[in-house]
Amino acid sequence: MVIILALYRILAQFVLRLPWYLCLHPKRLRMSNLESGLTWQQAKEIAEQLLFQKTQKHLNDIEILVLEGSWEGLTYEEIGKRSGYSTEYLNKDIGNQLWKKLSEALGEKLTKKNFKVALERGKTKLQDRIKLPSSLRVSATELPFTEGAVAPSSPFYIERDGIESLGYKTVVKPAALIRIKAPNLMGKTSLIMKLLDHAASENYQTVYLGLNSVNKSVLTNLELFLRWLCLQVSRELKLANQLENYWYTEIFGSNDNCTLYFEEYLLPQINCPLVLGLDDIDRLFSYREVIEDFLGMLRSWHEKGKIADVWRQLRLVVAHSTEVYIPLDINQSPFNAGVPLELTEFDPIQVKSLACFHGLNWNNSEVEKLMKMVCGHPYLIRLGIYEIACGKITLEELLQAAATEAGIYSNHLRRHLQALRQAPELAKALQQVVTSWEPVELDSLQIYKLHSMGLVEQQGNRVVPRCHLYREYFSRVLV
């Protein structure tokens, strides 16, 4: 017993002299080195920004593929099986160069094993100071105004946390259906363009159709609308108009004729996947007879893709505002099928990056001030940064006038006010929210509608104003 106790004391003294981290279980030790508070999308964005600052170049598709696979803990062999590339090519040609470039961008040695924690430190570097070379900054006269979609290749396009990467993975799947929903001005059109651009890089045919430009007389008549749809897709694909050869009005209904046109003419003609982006379909929501048949047809196309090869070629990307409400047959609507993409707000790093590309050398305090007023709302952030970058207003002046009729957000605020005045009960509910400093409990339908309009944030079964701008403005005008 004495000998055992002596050995125990010697062993205890030895262990106490070891560095603490060597006492961890090997698996736990390995995880402690690799775990990171970042999401994959945040890590990708940090790597992109740091690399661009250093080289003025972005990661290419295969480098992103290797980075994402490594993020998921896959070996090069596993990444190769997923992507179709050889293990040797991914390891020696792509991986080695990727870690070398990122090492130079971060100023420290990066490997496949340690890059997660290194990117975490890279996040701190970006937060401390994001600065572009003056040659890459856009002058005030060249800044794009904050209207319409942001081009996929534009530095002003800011990717959200995991949204684009999920869309990229989904859009290349046979018979895919992607549903993009968000309040107005959150970037739905820009995201559609980004997904179509990715599909085009995979040698897919792509067609974008926005319903905002369609005449009301076409939208209110199902027959005319579906003929318009077929003709527009034909034109975009540079195919001859063959409607009269496939449209049997005396035998089939409009949905059947449109389906026949796609199945027997359009899809076989192109002989490759087709991604059809349908934007602003909420314009149809006011015309119930049209929207129910149209959405039922889209749902049937998606279902056909599960059993018919020709329909596997079609991938649908459908975007609509959440500010319009329609009762639909749940079995007919595509809104409960496919993959939903809900657009999120910008985070502080994204706001600082956007300011940087506008030529503003903002510190964290300036980012926080703007975000305290409008949170991370993409349009409100972009408009504020644009006006400041153009020299029209200072940040302090913007914040002081933000919730007034003289502020830069007045048009946006009045649009919401007009919608609320057409729904008095909803306006009364919002008034309760903006005049209370505690979360407010509302009727579930009222919560749904106000949240869909982008005016409130949910906290459990209660809501608070989405941002300080809405609290200030609506507490004044909703009296």
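Helices (H or I, at least four residues) and strands (E, at least two) are DSSP runs, numbered from the N terminus. The loop that holds Cys-375, between α17 (364-374) and α18 (378-389), is named in this way. The views below show a predicted model.

**Figure 1. Overview of the predicted model.** The protein is built from 23 helices and eight strands. It has 479 residues, of which 48% count as buried. Among the contacts between residues at least 6 apart in sequence, 71% join residues at least 24 apart.

**Figure 2. Packing of helix α11 against helix α13.** Helix α11 covers residues 222-236 and helix α13 covers residues 254-270; their axes are 9 Å apart and meet at an angle of about 15°. Because an angle under 35 degrees counts as roughly parallel, α11 is roughly parallel to α13. The crossing of α11 past α13 is right-handed. On the α11 side, the contact consists of Leu-222, Glu-223, Leu-226, Leu-229, Cys-230, Val-233 and Ser-234. On the α13 side, these residues meet Ser-254, Asn-255, Cys-258, Tyr-261, Phe-262, Tyr-265 and Leu-266. By class, the contact of α11 with α13 has 10 nonpolar residues, three polar residues and one charged residue.

**Figure 3. Packing of helix α11 against helix α14.** Helix α14 spans residues 288-304, and its axis lies 10 Å from that of α11, at an angle of about 40°. That angle makes α11 oblique to α14. The two helices, α11 and α14, cross in a right-handed sense. Leu-222, Phe-225, Leu-226 and Leu-229 of α11 make the contact with Val-290, Asp-293, Phe-294, Met-297 and Trp-301 of α14. The residues of this contact of α11 with α14 are eight nonpolar, no polar and one charged. Leu-222, Leu-226 and Leu-229 of α11 are listed in the contact with α13 and also in the contact with α14.

**Figure 4. Gln-232 in helix α11.** Gln-232 is a residue of helix α11. Its relative accessibility is 19%, and Gln-232 therefore counts as buried, since the cut-off for buried is under 20%. Gln-232 and Tyr-208 are 24 residues apart along the chain, and their C-alpha atoms are separated by 9.5 Å.

**Figure 5. The aromatic pair Tyr-261 and Tyr-265 in helix α13.** The structure holds 13 aromatic pairs. One of them is formed by Tyr-261 and Tyr-265, with 5.2 Å centre to centre and 55° between the planes, a tilted arrangement. Both tyrosines, Tyr-261 and Tyr-265, belong to helix α13 and are four residues apart, about one turn of the helix. Tyr-261 is buried, with a relative accessible area of 0%. Tyr-265 is buried as well, with a relative accessible area of 7%. Both Tyr-261 and Tyr-265 are among the α13 residues that meet α11.

**Figure 6. An aromatic cluster.** Trp-71, Trp-99 and Phe-115 together form one aromatic cluster.

Figure 7. Leu-102 is located in helix α6, which runs over residues 87-106. With 0% relative accessibility, Leu-102 counts as buried. When neighbours within four places in sequence are left aside, Leu-102 is in contact with Ala-47, Leu-67 and Leu-110. Leu-102 and Leu-50 are 52 residues apart in sequence, and the distance from C-alpha to C-alpha is 7.9 Å.

**Figure 8. Ala-175, a residue with positive phi.** Phi of Ala-175 is positive, about 60°, although Ala-175 is not a glycine. Ala-175 sits in the loop between α8 (163-171) and β1 (177-182). This residue, Ala-175, is buried, with a relative accessible area of 6%.

**Figure 9. Cys-375, a residue with positive phi.** Cys-375 is a residue other than glycine, and its phi has a positive value near 55°. Cys-375 lies in the loop between α17 (364-374) and α18 (378-389).

**Figure 10. Packing of helix α17 against helix α23.** Helix α23 comprises residues 468-477; α17 and α23 pack with their axes 4 Å apart and at an angle of about 45°. The two helices, α17 and α23, are therefore oblique to each other. From α17, Lys-372, Met-373 and Val-374 take part, and they meet His-468, Leu-469 and Glu-472 of α23. The contact of α17 with α23 is made up of three nonpolar residues, one polar residue and two charged residues.

Notes. Residues are numbered from 1 along each chain as its sequence is written. This is a predicted model: local features need pLDDT of at least 70, side-chain atom pairs count only at pLDDT 80 or more; totals for chains, interfaces and linings use all residues. Side-chain values use heavy atoms; hydrogens and water are left out. Axes are lines fitted to C-alpha atoms, for helices over the stretch in contact, and angles run from 0 to 180 degrees between N-to-C directions. Angles under 35 degrees count as roughly parallel, over 145 as roughly antiparallel, 65 to 115 as roughly perpendicular and the rest as oblique. A crossing is left-handed if the near helix is turned anticlockwise from the far one by less than a right angle, and right-handed if clockwise. Contact means heavy atoms within 4.5 Å. Ala, Val, Leu, Ile, Met, Phe, Trp, Tyr, Cys and Pro count as nonpolar, Asp, Glu, Lys and Arg as charged, and the others, Gly among them, as polar. Rings of Phe, Tyr and Trp (its six-membered ring) pair if their centres lie within 6.5 Å; planes under 30 degrees apart count as stacked, over 60 as edge-to-face and the rest as tilted. Buried means under 20% relative accessible area, exposed over 50%, partly exposed in between (1.4 Å probe, protein chains only).
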